[in-house]
Amino acid sequence: MANGNSSNSPAPQPGLWRFGKAVLDEQMATLRVGETPIDLDRSSYDVLLALLRHAGEVVTKDELLEAGWPGRVVSENSLAKAVSRLRQALGEDGELIRVVHGYGYRLAAAVSFQAIAAEKVSAHPHEASHLHEGDPLPHRPGWRLGRRLGEGGAGVIFLARADANEHHAREERAIKFATSEAGLRSLKREISLARYFRAVKAELPGVARVIGWNLTQPPFFLELPHFADGHLGDWANAPGGLASLPQRARIALCAQLCETVAGLHEIGVIHKDLKPENLYPCIDADGGWRVVLADLGAGEAMQSPRLAELGITLSIAADQLSQRAGSLLYLAPEVIAGEIPTQRSDVFALGVLIYQIVVGDLRRSLAPGWEADVDDELLREDIALAAAANPLRREVDARALAQRLRSLDARGAQREAARREEQRAAQRERDLQRERSRRRIWIATATASALGLIGTLSMYAYAESARRTAERNAQQRQALVDFVTKGVLQQADPFAGNSGAITLRDAVDRAAKDVDSRFGDSPDVAAAIHGTLGATYEGMNDFNTAVAHYRAQLAGLRRGPSRDPAAVARASAAVCTAQIWQGDLAKIQPACDQARDDYIAAGLEPDRPEVFMALVDSRQNQSRRGLARLEPRMARIRQSGDDDLLGFADWFASILYSRLGRIADAERASAELVEVRTRQSGDGMQLAWALTEHGRHLLQLGRIDEGKARLERGRLMFVKAAGEGHPQSLAPAIHLSSHELALGHWQQARDLAEPAYRTLLKEVSWEHWTIYAALNTMAAAAELHDRDAAHRVMAEFDAMAEQGLDNDFPYLREPHWVGYAQAHLALGEYDQAERYIRKLKGLAAESGSGALLRARAACLEGRLQLARGQFEPARANALACRRDAIAATSPDSPYLAIPDRLLASLGQR
């Protein structure tokens, strides 16, 4: 409306917002108060825009955090600071932003909105088109543009390099700029998918991670990893590229690509544009080649009425096909004919890519006679199956295709053995026939015919069963795709009729309500979607909702037509694990017992529920019981190839070994954990945690340089994944502070622990790492005779511990009591110290925790005896402490510095 619009409903397109003396221009992303332009940071701008879109309504803190810091985990303190900056910028109108205590904020103002016609909204192509090599990267201080990596009708990609400094030593990224409205939609599509991936699955191996983005002001862009070897097409023709790989390595590359696409399909996402230009070869941790899949927003730029409605499709209008000649090789026939792309369309593209990679020529097409280029009979069958012209004949999904490629040798051996057996059987039959008399020939013939008929009928029955299973699985997958794209992603897409104000969590919540009503007559389909929703909420740390969806999945599987016992067992295990993460001990045992029974009923070893029950044992300080569950299963889990379960088993084993003072065993388990996480996902949060755990154990064993290198690599990986100062990136510093405490470097320990403690207390309140940081801070301050600081931390810790720390988290008793005993000893508060030392000795006797706890208790008691003049008992305890510390760690362990300091003090007496 020319004169404004007073409606409070979200605006469907950008425009001008007016309230009080302020004018916000969405097209230019600017704010003006009166005649004065206001320089707002991005987060404050997005928070104000969210409040404007819901003027007069209360906007929750979660909604504002999602608007201001999309895809990031920040504290409510960040929101409070952004609101404070807004109030200051708005001057007297700042008081219109009202706080609703405990809930959110409200803009109490009369707001008008004037839309800008869609055809006038520009992605500011001039901003990106005028950029050249050597220019600073806009909105990213310390970064500079390098050469152009690619250009199209919708965008341009530059290489960008960080200025060399202590934070970004020669780091490189690919920057994808939007140069048109279609390009901007593609960026938003890719961001929407990246956020969805992050919510559903923390790690997607083989998919390029979106590092960051700028959608606040032009030029708009995405930050992506840079792959120095270029895309698959560039690398294939380069020296040392595809031609240098042996056939076995090429097939492994194809299998890994299929597994990556399967990972997308399993969370309901179709790529739709698989081709060499979207695949990037790189070296993995083992020195071999792998491919990373990128450009998941490409399809959004193509318009097609039905497919654009879903927000995930490709157009194949005649005028666009000529522009996409390179992609036509990989487009499935049904897509070229105008049908909706499906997962089977991606499988067709995989079939073509497998053929090209195997023959070493990315220019080849599956023209008649292609079979002559592939020597392996089974490989020819796999390619033909994946690239069948009729999609109904592509009776293989991406995961099964990967498994077929991985098992080529075994399948070949089986086929050859079967062929030899057939030949031997035929020869035996010929011999038999020659020896038989003529009057019995008709019996043999009839018998052979009957056997053949039975075999034929059996093969037919098996094929029919497999066909029905494949159809049922395909129906479930397609239903999942529709649910994710139409039910979830489309709601969060600002170009699908929404304003963009809805959060991804809101979209998932809304879609989740309709599952049973939409799929009530298809229990198997509803169960599959409930399972995906359970994983989504589990990824959001909403374990209550995750448990509810997992239970709904389990109920659907139990009453569904397939009644697959293995699927029931897996769903039952998901309930068990989610209950464990939820932390309700009263509900864990029944859920995990049921999972164990379901595994046994399915004829499977109950490895998964038993592995997770070992974690429960660790939390209840029952370390020996936990290891009794784990150790007999480890060899079988390793042989199963289930890296997901092996990773959890190694993680829990390293915790249990550490609690029992078996540090060398803990180091071996955490080292294997690093290998598993590297295979699973490469760089990411899971590998960062594994490196941190391994680094801690290396330090405890005295392998200082290795340990510090591991911790630093883990810290950098945390920072890369979650940002500088993110709470999880502080774990390495806390481990280093424990190391410095053992060595008696009090100030260094405090410098590491105290900033981490204060940050954690502000950002995430009391949790596992906050407790360790607090205890290290308190001990270091006490050793430095800073009584006020030590008692201040004690008071804060006591207030938290009164909520039942020792009962709820018995495994934290040991660090709690060790820290308090050390602090009281350093402050000369010997009676209080003695009380905690007695607790530690009782704990060591009660749980059989092992040599390391005995060593700590002996050293603390020896220190108390020294202070009281009891020199001989103190010496005996110091020697016992040293002996047990060596038994638990190694002769090079920094823990030996503790008894050595005590012995040195006794030597001066």
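These legends walk through a few close-up views of the structure above.

The model is predicted, so local features are taken only where pLDDT is at least 70 and side-chain atom pairs only at pLDDT 80 or more, while totals for chains, interfaces and linings use all residues. Residues are numbered from 1 along each chain as its sequence is written, and side-chain values use heavy atoms, leaving out hydrogens and water.

**View 1. Helix 35 meets helix 37.**
Here helix 35 (residues 813–826) and helix 37 (residues 851–867) bring their axes within 10 Å and cross at roughly 15 degrees. Helices are DSSP runs (H or I, at least four residues), numbered from the N terminus, and axes are lines fitted to C-alpha atoms over the stretch in contact, with angles from 0 to 180 degrees between N-to-C directions. The two helices are therefore roughly parallel to each other, a label for angles under 35 degrees. Their crossing is left-handed, meaning that the near helix is turned anticlockwise from the far one by less than a right angle.

**View 2. The residues between helix 35 and helix 37.**
From helix 35, the contact (heavy atoms within 4.5 Å) is made by Glu814, Val818, Ala821, Gln822, Leu825 and Ala826. Helix 37 brings Leu853, Arg856, Leu860, Arg863 and Leu864. Sorted by type, these residues are 7 nonpolar, 1 polar and 3 charged. In this sorting, Ala, Val, Leu, Ile, Met, Phe, Trp, Tyr, Cys and Pro count as nonpolar, Asp, Glu, Lys and Arg as charged, and the others, Gly among them, as polar.

**View 3. The disulfide of Cys576 and Cys592.**
A disulfide (a pair of cysteine sulfur atoms within 2.5 Å) joins Cys576 to Cys592, with an S to S distance of 2.1 Å. The torsion about this S-S bond is about 85 degrees, so the disulfide is right-handed. Cys576 lies in helix 21 (residues 565–582) and Cys592 in helix 22 (residues 585–601), so the link ties together parts 16 residues apart in sequence. Both cysteines are buried, which is to say under 20% relative accessible area with a 1.4 Å probe, protein chains only.

**View 4. The disulfide of Cys859 and Cys881.**
Cys859 and Cys881 are joined by a disulfide with 2.0 Å from S to S. This link is left-handed, with -95 degrees about the S-S bond. Cys859 belongs to helix 37 and Cys881 to helix 38 (residues 871–888), so parts 22 residues apart in sequence are tied together. Cys859 is buried at 6% relative accessible area, and Cys881 is buried at 3%.

Cys258 is buried, with a relative accessible area of 0%.

Terms used. Angles under 35 degrees count as roughly parallel, over 145 as roughly antiparallel, 65 to 115 as roughly perpendicular and the rest as oblique. Buried means under 20% relative accessible area, exposed over 50%, partly exposed in between (1.4 Å probe, protein chains only).
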